[in-house]
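Hello,

Here is the structure we discussed. My notes follow below it.

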Amino acid sequence: MVTKTDDETTETPESTTAEAAAGTPEVIEVTKEAEGTNAVEAADAPEGTDTDLDDEQFAAAAPVEGSSGAGQGAGAVVSAALGVVALSGSWVATVAAARESLIGQLQTSQSANVAKQVSEVYGDSWHATALVGGIFALLALIVGAVVLARPAFGAPGRPQAVWIKSVAWAGVSLGVLGLLLAVAKYTDILMALPSTSS
């Protein structure tokens, strides 16, 4: 490039102009290829889909803060597990029954009648088993009810997952059934102690 002073104009060599003209078709071809690719992508996209990739779209798609439902799912599983334990028994119930049986043996003298021995040794341990089962059933019922009621106090518009509801309802059902069985065993409606002669 040659620059002249005062009233003379700036001259551009013909070689520079020729190089620019020669480079223009390549730029045009690259631009046309990019436009063709965008046109194909736009044709493949469903209607109403914006195919432009802007930073604003990625910012709008940022994860929303809130509960992922993991706590509710865990609560539902715990409720169902507690219901199963209430129905099938646990080591806590076994230990409590053995303890009551031992206490009954220590407090009952050899001269006590048979009815008193059966009541102190076996009856109390049976009632202890029923009591522990009832506690587990009540816990299952409470935890399941809390999980089912949680969406009412959470963020509106975030529905609870179906599997969480199903497992929580299972826990509530098992809790109710376990509670009824515990009450029936504790009050001797179910599997009462055998009658003995005094």
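Glutamate 100 is partly exposed, at 23% relative accessibility. The classes are buried under 20% relative accessible area, exposed over 50% and partly exposed in between, with a 1.4 Å probe and protein chains only. This is a predicted model: local features need pLDDT of at least 70, side-chain atom pairs count only at pLDDT 80 or more, and totals for chains, interfaces and linings use all residues. Residues are numbered from 1 along each chain as its sequence is written, and side-chain values use heavy atoms, without hydrogens and water.

Glutamate 100 forms a salt bridge with arginine 99, at 3.9 Å from N to O. The rule asks for a side-chain nitrogen of Lys or Arg within 4 Å of a carboxyl oxygen of Asp or Glu. It gives a count of one. Arginine 99 is exposed, at 53%.

Now H4. Helices are DSSP runs of H or I, at least four residues, numbered from the N terminus.

Which residues of H4 are buried? They are Ala93, Ala97, Ser101 and Gly104. The face turned away from the buried side carries exposed Trp91, Arg99, Leu106 and Gln107.

Best wishes

How values were computed. Helix = DSSP H or I, 4+ residues; strand = E, 2+ residues; numbered from the N terminus.
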